[in-house]
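Please consult the sequence and the structure shown here.

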Amino acid sequence: MNRFSGILLPVFSLPSKYGIGAFSKEAYAFVDWLEDAGQSLWQVLPHGPTGYGDSPYQSFSAFAGNPYFIDLDTLAEEGLLTRAECECEIAEDSGVNYERLYKNRFCTLKKAHERWNGKQDKDFLRFKEENDFWLDDYALFMACKGLFGGKEFTKWEKDIRNRTQDGLGHYREQLSCEVAFWEFVQYKFFSQWERLKSYANEKGIKLVGDIPIYTAPDSCDVWANRSLFNVDEDGVPVTVAGCPPDGFSQEGQLWGNPVYRWQEHKNTGYNWWVRRLSFCFCMYDLLRIDHFRGFDEYYEIPYGEKTAKRGKWRAGPGKGLFDVFEKACGKHEIIAEDLGFITDSVRKLVSDCGFHSTKVLQFAFDSRDGGGSVYLPHNFPQKCVAYTGTHDNSTIIGWLSLLPDNEKELVREYLCDKCTPQEQLNLPLISLIMRSNAEFCIIPFQDWLGLDDGARINTPSTSGENWVWRAKKNQFSESLSKMINNITERYGRK
């Protein structure tokens, strides 16, 4: 049995002189470093354009790419920007400053667009033709969003909010230059990503993508496909997604995303989902789907509720959706994020679909489990992806520091290690899952470095300090790559 290993590192967390990680020379250097470290997987977070809160899981589109990831130096090499214009974007902040990016980056990209001749670019014309099923609506959506001061589409003028033929025609003509700009931005995003992915694949490294199950309420997807979502005629949600109250939250979780009208999706042959998944497998080699249990049963809450207490469980589409996708597009590697309270029916769905489940070491040492946790490495099945933690967890060192003493003792007992200082236990814990039976083992880059929660990516149900952590160039050292390579080989991974 082949067993593989990789690293989780969001694109925005890559080093860069322009304030955020991008498809730049640093991304290519990271691919080279992964190769030296003996890794075969690079897992990223969703690549969609982010809105309020900067979360990649609340995007303006399920298809479009994040403009901030476009490499400015590449645009300069193409003659679309001057070096002086690039230098105006230099920002040596340790983290991502989204406010500054929002204020400045689009002005710079518009300068590049003004110098570009799309009519003479045959690759662009082909890109437009291949992506017309989402690009036309997305470009108009973003142009209208700019016209209406960034307001959510439910607050636009009625004719364009409700997509009347006259309204669509009027705004396409009025905003033709802005529409062309947003088409250009997407063209450059996907052109640069495709080159980076090809480079990684040539090095034997597969890209692991990630998508949220739901779309943002203020998204092009809801605006342009209203019948597929449980919203009213103006696009306002009728019910929204979330999680019921549990031991971690007395009020549950209220996410605010409109839920799907699954019967309507079924009536259309799951066409939107087939397109979405097939599009993702053009971008990535493997795909993680967040909150996979929502395909079995989903929790919906009346819109306007202040908590998730009054929600109800509803039946999801089940295996039928994935049968249709496989028939249309063939078999693909899907990772089902099946964390939290998981029922037998969810486990059966993951198994019946032949997908990989997820196992996170940080969930293994709950003293209430009596040593029988499915998250203990000796219990991992072969068909799973093992993590020390995910983007939503503490770093492994941060997690250790927060554990109660009795659970720290459980960790020590499982490791048979009473002596290693706590701040150095990241490597023994990584080794635990590297030698497990899991087919895939993916370690957040911060855990290889042994960083504390100052390097955490996201703390769920909070805002303001998430999605900002960035690595430094000197952290991608030769000594670290050699150590990772040695551990990877020691446990028979590649």
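The model is predicted. It holds 5 cavities of 30 Å³ or more, and the largest cavity contains about 210 Å³ of space.

**Largest cavity**

- The largest cavity is lined by 21 residues, of which G48, S61, A62, I211 and P212 are the closest to its centre.
- Strand β3 (206-211) and helix α12 (271-283) each contribute at least two residues to the lining of the largest cavity.
- Helix α12 provides the largest share of that lining, with 4 residues.
- The lining of the largest cavity comprises 13 nonpolar, 5 polar and 3 charged residues.

**Second largest cavity**

- About 110 Å³ of space lies in the second largest cavity.
- Its lining consists of 14 residues, and those closest to the centre are T390, H391, P444, Q446 and I457.
- By class, the lining of the second largest cavity has 5 nonpolar, 7 polar and 2 charged residues.

**Second largest pocket**

- The volume of the second largest pocket is about 420 Å³.
- Among the 17 residues that line the second largest pocket, F127, E130, N131, F190 and E194 lie nearest its centre.
- Helices α5 (122-130), α9 and α12 each supply at least two residues of this pocket's lining, and the largest share, 7 residues, belongs to α9.
- The lining of the second largest pocket divides into 8 nonpolar, 3 polar and 6 charged residues.

**Helix α12**

- Helix α12 supplies residues to the lining of the largest cavity and to that of the second largest pocket.
- The 13 residues of α12 should span 18 Å at 1.5 Å a residue, and this agrees with the 19 Å that separates its end C-alpha atoms.
- The buried residues of α12 are W272, W273, V274, R276, L277, F279, C280, F281 and M283.

**Largest nonpolar core**

- The largest nonpolar core has 154 residues, and W42, W273, F295 and L429 touch the most other members.
- The largest share of this core, 11 residues, is contributed by helix α9 (residues 176-202).
- Neighbours within four places in sequence aside, W42 contacts I7, L9, V11, L14, F30, V31, L34, L196, I205, K206, L207 and V208.

Key
Residues numbered from 1 in each chain as written. Predicted model: local features only at pLDDT ≥ 70, side-chain atom pairs only at ≥ 80, totals over all residues. Heavy atoms only, no water. 1 Å grid on protein atoms, 1.4 Å probe; cavity = no way out; pocket = protein on both sides within 12 Å on 5 of 7 lines; lining within 4 Å. Points joined across faces, edges and corners; volume = space filled by probe spheres on them. Nonpolar A, V, L, I, M, F, W, Y, C, P; charged D, E, K, R; others polar. Expected span 1.5 Å × (residues − 1). Buried < 20%, exposed > 50% of the residue type's maximum accessible area, 1.4 Å probe, protein only. Core = buried A, V, L, I, M, F, W, Y, C linked by side-chain atoms within 4.5 Å. Contact = heavy atoms within 4.5 Å.
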